[in-house]
Structures are given as C-alpha cells and as structure tokens.
Amino acid sequence: MRVACCAHRPGTSGRRKQLCAERGVLLLVDEVQTGLGRTGVMFACEHEEVLPDIMTVAKALGGGIVPIGAMLCTEAIFGEKFALKHSSTFAGNALAARVGLAALDLLCEDDGAMLRDVRELGNRLRLGLEAIRERHPGLIREIRGRGFMLGIRFSTDRSAWKESFLGIAAEERELAQFFASYLLNVEGVRVAPTLNRGEVLRIQPPLNATAEQCEVALAAISRAMDALAARHTGDFFRAILRREAQPRGLSSKPCRSPPEVARFAFLMHPLDESSYRDYDASLDSLSHGELAEFARSMDGLLPPVIGSTASIESRNGSRAVGDFIMLSHTAEQLRKMPASEAIAVVRKGIGVARARGAKLVGLGAYTSVVSAGGSLLGLASRAAPPEATFLHRPGSSLGSQQLGRSLGGQILRGRTLGRVALTLPSVT
C-alpha cells in the first residue's frame, strides 16, 4: 500500500485525486485543524469536491473538553487487521467517544446552522481584515484563509524601519508574536502565530463566536495595527508591560542600504540594558525597570541579525559596505553562558557575515573575550596570523596590543567598539 501526503493548494485537489487513482495510490487528507467546521464546511476538502481514501480528524472532535483523534477511511480499504495491529492504550475511550458524538450533533443540528454562521461571519471577518490591510499595506502582506481559519501575514520588508527592534523582528519573521502579545495584554484578545511561519498570525475564533465578538476582535486588531504603524518600539513594548495603550511615536522614514562593492562586518551586542536604548531611541519611553525587562525578554530571542549597514567611500571612488551584526545578549548574559554556547553564538554571527559576503569580520566587545580573540572559533584564518587585522579601542588593555604584535597583526587606532577582526577564508 502506497500513501501520498501533499500540502493543499486551492484548485489542485481534484488533479491529485486523479493522479492517485491512475497510479493506485491512496489519497490521505489531514483535517486535524481544518476539519469539523473550521473553514465553514464539515471538511475543508469539500471546497474542492474531493473524497479522499483516508482522512484524519481531531482537535474540534473533542469539543474543547477532551483530547480525541480519529481516522476515517472508505469501506473499500478498511480491513479487520488494521484495528488489531494499530492499538492504543486510550483507544475506544467511552467518555471521549461520547463527547465526540455530542460535538458532531452540534455541528449537524438545524441542518448545519453552525457551519452557515462560520461561513457568513468568517467572510465578514475576512473583509474587515482586508480593510485593515488596505490601511497598512507596508505592515500586512496578505490576508489568507476561509471561514474561521484566517491568517494575517506580516511584511518582512525592513526598509521602512530605521534602527528598530520591531523592524528586526519583522525581517526575522518574529513580528507576529510581538503583535499577539500586544493584543493579549492591551486589548484582551488571545491569538497566536503559526508554529512554522512566524510572520503569520492566526485568527481562529471558536465556532460559536458571535457577530458582536467578531467586531470586537476586528476593532482590537485595528487599534493594535495603528500602534504598530507608529514604528515606536518603546511605546509598543511599554504598552505590553503596562497592559494599556501608549501615546504613539513618530514613524521612521525608509532606510536602504547603499550599493555594495567590498563587504566587511562587525559583531556587536548590547553591553547592558541601556545599550538597547542607544540603538533604538524609541526605548527612551521605558522606565529603568521596564528597560531591564525588555533586555531579559530579548536574551537569545533572535538569531544574529543585521542591526544597521554603513557605507565607506574613498576619494578615488572605492566603496566598502559593512554590516553591524547584532547578538541579542548583553555582556552579562554572554558571561553567564556556558563557554560552548557563547562560542556557538559568535559562530552564528560570523555565519551571517559570511552569507552577506563579508571578507573581514570584527569581533566587538565581549565576542572577543568569550572567543579568546577569535582563537577558539576554529576558523582556518587562525593558521595565517600575518593576515589578521586587530582593531584597538583607545583605553583597552595592553594585552590586545601585545597579542596583535605577537601574531604579526596590525593595530588600528581609532574610535571603534571592536577588539579583533578575522580575515575569513574563502568558501568553495
């Protein structure tokens, strides 16, 4: 027996069913999330008028009371041996089965009245979300879904966010969780991002939601989107902490990277919580305690990200473009990490630099300390010390100067945050 399991795309299920029939393959449809009324019909495959050979259901079958799952199949493929060989400790649970039957009765009573409500209210809900998207096209990329299974897909374009942690979250596909936190703590509406697409926010009301409740949700989402559109990280995060809306900040103008010629990078991290304020000026609105809470929440939340990009042009027209790669750990947080974890964080940052085409990477602040000046990173360039360039900050320890000279490196004096720069080996 061969089984085909495919992610669904609208308008293609009929063709898949035909291909399976031609090749003697069973068509299995996963309706664990989409089934039992979630999209406005009993099973989502009804939208495509397709009858699968096997179907899985769960979640809503338990009516929100007990966990239960079931596998449905056509009579043609059912066999007695299947039930004997696929047993379970909790299979055939009488209580769960009775709850499942009651849930099916509710879905079917009054000739499927609940399903009609889901279709009608889901359409109203989607139209309302589309109206919000039209007001904020730079924040919302797409509204998707059917019935009470809708999603808000946020834009990942960071060009309109100037040195903003919310902009970093958007680019890293993590903005949905910040928005969900705002909706819960400020507006009292509970939603959640999808597990495998961090830029998509699920809008999935209970099947018995009323028109009034849908309007309340739309109004809350609209207000939250207006707050996000201000692009003011401090006000947005403070609202989450204080559980109340805050005055809006000013929107930032788009900031785009200049043309690239030669590339370098610099690893950096906040020295303490106040460094977050130095990067994102909107955090000035947070109190000292709130800023400390922000720093704790950011600890390891994001992978190494591009904090900003700078362009340097010489008098003869040569240009170098550098990325400042931010690690979301303070010096204290890096110090408390196991050495292997701290080294792994630095390596990830260098990986980001390498992926961006950097030939030279500076190790800033504590990234140099935890990696022993880069010697613990295991890079091939360590074997060629004459090519290494060491950046020295005025007032830094004499040890870094001595280390640079002993390895044949060159000390560059100036106003930098870095201690060590590594020449990366070429990657084939």
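Buried here means under 20% relative accessible area.

**View 1. The whole chain, a predicted model.** The chain holds 13 helices and 15 strands. Of its 428 residues, 44% count as buried. Consider the contacts in the chain with a separation of 6 or more: residues 24 or more positions apart account for 63% of them. The close-ups that follow take parts of this predicted model in turn.

**View 2. Helices α3 and α6 pack at an angle of about 15°.** Helix α3 covers residues 94-135, and helix α6 covers residues 211-229. Their axes lie 10 Å apart. An angle under 35 degrees counts as roughly parallel, so α3 and α6 are roughly parallel to each other. The crossing of α3 past α6 is right-handed. From α3, the contact takes in L121, R124, L125, G128, L129, I132 and R135. From α6 come A211, C214, E215, L218, I221, S222, M225 and D226. By type, the residues of this contact are nine nonpolar, two polar and four charged.

**View 3. The largest nonpolar core has 56 residues.** F179, L201 and L228 have the most contacts inside this core. Helix α6 supplies the largest share of the core, nine residues. Now look at L228. Neighbours within four places in sequence are left aside here; beyond them, L228 is in contact with L139, F154, W161, L166, L175, F179 and F236.

**View 4. Helices α5 and α7 cross at roughly 45°.** Helix α5 runs over residues 175-187, and helix α7 over residues 233-242. Their axes come within 8 Å. The two helices are oblique to each other. Their crossing is left-handed. On the α5 side, F178, F179, S181, Y182, N185 and V186 take part. They meet F236, A239 and I240 in α7. This contact has seven nonpolar residues, two polar and no charged.

**View 5. Helix α7 is largely enclosed by the rest of the structure.** Eight of the ten residues of α7 are buried. They are T233, G234, D235, F236, F237, R238, A239 and I240. The cover over these buried residues includes α4 (165-171), α5, α6 and α9 (288-298). Just after α7 comes R243, with a positive phi of about 60°.

**View 6. L51 sits in the loop between β2 and β3.** Strand β2 spans 26-30, and strand β3 spans 54-57. A relative accessible area over 50% counts as exposed. L51 has a relative accessible area of 62%, so L51 is exposed. Along the chain, L51 and V29 are 22 residues apart. Their C-alpha atoms are separated by 9.1 Å.

Definitions and conventions. Residues are numbered from 1 along each chain as its sequence is written. This is a predicted model: local features need pLDDT of at least 70, side-chain atom pairs count only at pLDDT 80 or more; totals for chains, interfaces and linings use all residues. Side-chain values use heavy atoms; hydrogens and water are left out. Axes are lines fitted to C-alpha atoms, for helices over the stretch in contact, and angles run from 0 to 180 degrees between N-to-C directions. Helices (H or I, at least four residues) and strands (E, at least two) are DSSP runs, numbered from the N terminus. Angles under 35 degrees count as roughly parallel, over 145 as roughly antiparallel, 65 to 115 as roughly perpendicular and the rest as oblique. A crossing is left-handed if the near helix is turned anticlockwise from the far one by less than a right angle, and right-handed if clockwise. Contact means heavy atoms within 4.5 Å. Ala, Val, Leu, Ile, Met, Phe, Trp, Tyr, Cys and Pro count as nonpolar, Asp, Glu, Lys and Arg as charged, and the others, Gly among them, as polar. A nonpolar core is a set of buried Ala, Val, Leu, Ile, Met, Phe, Trp, Tyr and Cys residues joined through side-chain atoms within 4.5 Å. Buried means under 20% relative accessible area, exposed over 50%, partly exposed in between (1.4 Å probe, protein chains only).
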